[in-house]
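Subject: Structure for your review

Dear colleague,

Please find below the structure that I am handing over to you. My findings follow it, and I would be grateful if you read them with the structure open.

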Amino acid sequence: MSVLDDIIDGVRADLSEREASTALEDLQVLVEHAPPTLDPMPAFRSPGVSVIAEVKRRSPSKGDLADIPDPAALAAAYEAGGAAAVSVLTEQRRFGGSLDDLRAVRTAVEIPVLRKDFVVTSYQLWEARAAGADLILLIVAALDQPLLEQLHREAVEVGLTPLVEVHDEAEVERALAAGARLVGVNARNLKTLEVDPGTFARVAPLVPEGVVKVAESGVTGPGDVETFAAQGADVVLVGEALVTGGDPKGAVAAMIEAGATR
């Protein structure tokens, strides 16, 4: 069993508990009364490289990263540094996140918020929307093509912007076939957790003009942002470097400055 398979097994187990305690219909009622979602695409398409800054306590590859007792304060620092969006890990077993983190962040910032999780059912889309998310992560490697296309379509219907994550050339084709307009290229293989630094440079050229390209994993500082900018990235998604560096506001600002000349 791969690491990804193991994570998804845990996600499904936790999901079944939430489904038993909160009916889909109740989530749909919450969404009916929720404010409209924020559109991240204008900022992502603006000149320079935008930053999606992540609230991330731990990861399967690195273990514990940061305690983060106040995710709202961290998100506010990201916004003050110029982040275009905040990503919130909501997977509990491997990443130490929760929907409560997402709700807290949503109340603290006025920029779009991404629910970063392993989405395998429509229920999770409604959960995300009800908790205040504006974007949702869809991982191509975790979904067969009919389900990927279904979830992409349903996400858009409920007002969410899908960030479709790919790891290789074949997955780019699948993402585009599903209608992706925002594609994240992750240098970390979720089946082995190994990072290939050349992934973005190899895969991103297959993403056509007009589709926003996000570089994921391997962003440790401004120098990496410059590299990804030169390779065509419109956005970088950064987690570990921001939660461990001690100055999240300053770190975001420095990364934005590094990508400003793109």
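A residue is called buried when its relative accessible area is under 20%. Please keep in mind that the model is a predicted one.

I begin with strand β1, which spans residues 50-55. The strand is mostly covered, as six of its six residues are buried. How are the buried residues of β1 arranged on its faces? On one side lie S50, I52 and E54, and on the other V51, A53 and V55; both faces are covered.

Strand β1 also has pairing partners. With strand β10 (residues 235-238) β1 pairs in the parallel sense, over four bridges. Within that pairing, V236 of β10 is the bridge partner of V51. Strand β4 (residues 85-89) also runs parallel to β1, and four bridges join the two. Here V86 of β4 stands opposite A53.

The second topic is a pair of helices. Two packed helices are described by the angle between their axes and the distance between the axes. For helix α1 (residues 3-21) and helix α6 (residues 122-131), the axes come within 11 Å and cross at roughly 65 degrees. Angles of 65 to 115 degrees count as roughly perpendicular, and α1 and α6 are therefore roughly perpendicular to each other. Their crossing is left-handed. Helix α1 contributes V11, L15, R18 and E19 to the contact, while α6 contributes Y123, Q124 and E127. Sorted by class, the contact of α1 with α6 holds three nonpolar residues, one polar residue and three charged residues.

With kind regards

Methods: Residues are numbered from 1 along each chain as its sequence is written. This is a predicted model: local features need pLDDT of at least 70, side-chain atom pairs count only at pLDDT 80 or more; totals for chains, interfaces and linings use all residues. Side-chain values use heavy atoms; hydrogens and water are left out. Buried means under 20% relative accessible area, exposed over 50%, partly exposed in between (1.4 Å probe, protein chains only). Two strands pair if DSSP finds at least two bridges between them. Axes are lines fitted to C-alpha atoms, for helices over the stretch in contact, and angles run from 0 to 180 degrees between N-to-C directions. Angles under 35 degrees count as roughly parallel, over 145 as roughly antiparallel, 65 to 115 as roughly perpendicular and the rest as oblique. A crossing is left-handed if the near helix is turned anticlockwise from the far one by less than a right angle, and right-handed if clockwise. Contact means heavy atoms within 4.5 Å. Ala, Val, Leu, Ile, Met, Phe, Trp, Tyr, Cys and Pro count as nonpolar, Asp, Glu, Lys and Arg as charged, and the others, Gly among them, as polar.
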